[in-house]
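The following account leads through a protein model from its overall organisation to selected details. Please keep the sequence and the coordinates in view while reading.

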Amino acid sequence: MSRNERKAAEGGESAGRIRAGQGTRRIIYAVGGGLLLYAIGLALFGDRSADRENDGIETPEGRMVQAGSEPVHFTPPSEDTIPDGPVGDSIRRGRDIFANTPANAGEFVGNELSCANCHLDNGRRANSAPMWSAWLGYPTYRGKNDRINTMEDRIQGCFTYSMNGQDSPSGGPPPLGHDVYKDIQSYMYWMATGAPTGAKLEGGGYPKVEKPELGYDPARGAEVYAAHCATCHGTDGVGQRDLNGRPVFPPLWGPESYNWGAGMARIYTAAAFIKANMPLGQSNRLTDQEAWDVAAFINSHERPRDPRQAGPGLTVEEAYERFHKGDDIYYGQVINGKLLGTGTPVPERN
Ligand code: HEC
Ligand code: HEC
């Protein structure tokens, strides 16, 4: 099944409910014969959370958001409004973990990344999967693990894959219930101060970029990379460090990057992130085609293995069948004579 077919199959039930919901509204409209009654009907019935979960479109990460309702504009509070006292202390700890994860939650980080490398401005930047928007979206169902996810589950996911928890000193993400989650959630909750629960906010997630006519091609992407990315991220994708060894420009592939199970390893997700956020400070500088091609280029290099393969001891082929089949990802494919997905050597940590 292709990704779209799978999406269609997964969306089968919800598509039915969308039709049912629209039908109800049409009936209200017809009976009332007026816009006012329609508006009242919407206010009374249009806002039920059960409907919202299904009456929607799929975001890049598989979450359902409400369709047909206008996204609400939102600006997160400024940092100088973080309160004093225990809550404020937790918010500040959460912010610091977010900004410099290896320094402040290093036990659980298996690469050189921080949350803020992919959720820019410490999770405040619109179109960079900002935390104020994410806060409103959980608990929710995720196809990735086929169950309802709390916010804690979701953050654990980013530790497992984006932060490559398997190669951290503790050997995994923070266990559920750990203070790291409390502090990050305090920070997120504070950032969403005043946001209407259940609304869809403008600038949430990474704006989807449709697959361009020419598909994607890492060879074309290599040219985009040389022209627009290599100055900061390095010709070999390992990024750049300051004199103290702290990453200034984060790595894009290799052992210190996100692993094969991460959202960013999928070409459409990386294309969405890149189009809106890279080159740094130049949103939408690249065409859709360039964004897909360069996403293909960075994701056609080896990176830490998928923990879902390594843990249960599956072969790359088995893990491909189970987790990646039909997806726009190079996992399990042979590129330049090399099978991708076998993983990079685990770096020594001191
Ligand atoms: C001016 C320097 C600069 C340029 C040019 C640049 N980036 Fe970045 N990039 C950064 C910085 C800095 C971050 C981390 C952002 C933060 O922490 O605020 C980043 C983050 C990223 C990330 C997410 C974090 C990671 O390491 O996986 C990706 C992916 C990425 N850039 C891809 C690209 C691509 C592709 C291009 C070229 C189209 C590009 N960047 C051009 C500086 C740059
Ligand atoms: C390598 C890039 C990367 C890093 C590092 C990263 N994330 Fe993410 N994060 C993503 C991507 C990509 C998504 C979108 C979901 C997907 O497609 O998997 C996401 C989604 C999320 C979401 C859900 C957003 C929403 O709107 O539903 C939360 C919450 C989140 N990340 C928190 C974190 C936290 C906390 C950290 C640090 C511990 C972190 N992320 C580190 C890439 C990253």
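Helices (H or I, at least four residues) and strands (E, at least two) are DSSP runs, numbered from the N terminus. On that basis Ile148 is found in strand β4, residues 147–149. The model is a predicted one, in which local features need pLDDT of at least 70 and side-chain atom pairs count only at pLDDT 80 or more, whereas totals for chains, interfaces and linings use all residues. Residues are numbered from 1 along each chain as its sequence is written, while chains are lettered from A and ligands numbered from 1 in the order in which they are written.

The secondary structure of the protein chain comprises 17 helices and 8 strands. A residue is termed buried if 20 or more other C-beta atoms lie within 10 Å of its own, exposed if 12 or fewer, and partly exposed in between, with C-beta atoms placed from the backbone. Buried residues make up 42% of the 350 residues in the chain. Two residues are in contact if their C-beta atoms, placed from the backbone, lie within 7 Å. Of the contacts in the chain with a separation of 6 or more, 67% are between residues 24 or more positions apart.

A residue is near a molecule if its C-beta atom, placed from the backbone, lies within 6 Å of it. There are 26 residues around ligand 1, and Cys229, Cys232, Pro250, Met278 and Pro279 come nearest. At least two residues of this shell are supplied by each of α7 (115–118), α13 (230–233), α14 (267–277) and α15 (288–298). For the classes, Ala, Val, Leu, Ile, Met, Phe, Trp, Tyr, Cys and Pro count as nonpolar, Asp, Glu, Lys and Arg as charged, and the others, Gly among them, as polar. The shell has 21 nonpolar, 5 polar and no charged residues.

Pro279 lies in the loop between α14 and α15.

How are α14 and α15 arranged? Their axes come within 8 Å and cross at roughly 125°. Axes here are lines fitted to C-alpha atoms, for helices over the stretch in contact, and angles run from 0 to 180 degrees between N-to-C directions. Angles under 35 degrees count as roughly parallel, over 145 as roughly antiparallel, 65 to 115 as roughly perpendicular and the rest as oblique. The two helices α14 and α15 are therefore oblique to each other. On the α14 side, Ile267, Ala270, Ala271, Ile274 and Lys275 meet residues of α15 that include Asp288, Ala291 and Trp292. This contact of α14 with α15 has 10 nonpolar, no polar and 2 charged residues.

Helix α15 is mostly covered, with 10 of its 11 residues buried. Its buried residues pack against α12 (218–228) and α14. The axes of α12 and α15 come within 7 Å and cross at roughly 100°, and α12 and α15 are therefore roughly perpendicular to each other. Pro218, Arg220, Gly221, Ala222, Val224 and Tyr225 of α12 make this contact with Glu290, Asp293, Val294, Ala296 and Phe297 of α15. By class, the contact of α12 with α15 has 7 nonpolar, 1 polar and 3 charged residues.

Elsewhere in the chain, the axes of α5 (residues 85–99) and α11 (residues 179–191) come within 7 Å and cross at roughly 100°. That makes α5 roughly perpendicular to α11. The contact of α5 with α11 has 8 nonpolar, 3 polar and 4 charged residues.

Some backbone details remain. Most residues other than glycine have a negative phi, and most peptide bonds are trans. A cis peptide bond joins Tyr138 and Pro139, with omega about 0°, and Pro139 is placed in the loop between α9 (131–134) and β3 (140–142). Pro139 is also one of the residues in contact with Ile148, when neighbours of Ile148 within four places in sequence are left aside. Ile148 counts as exposed because it has 11 C-beta neighbours inside 10 Å.

Positive phi values occur at Asn127, near 65°, and at Ala129, about 45°. Asn127 lies in the loop between α8 (120–123) and α9, and Ala129 lies in the loop between α8 and α9. Asn127 counts as buried because it has 20 C-beta neighbours inside 10 Å; Ala129, with 26, counts as buried.
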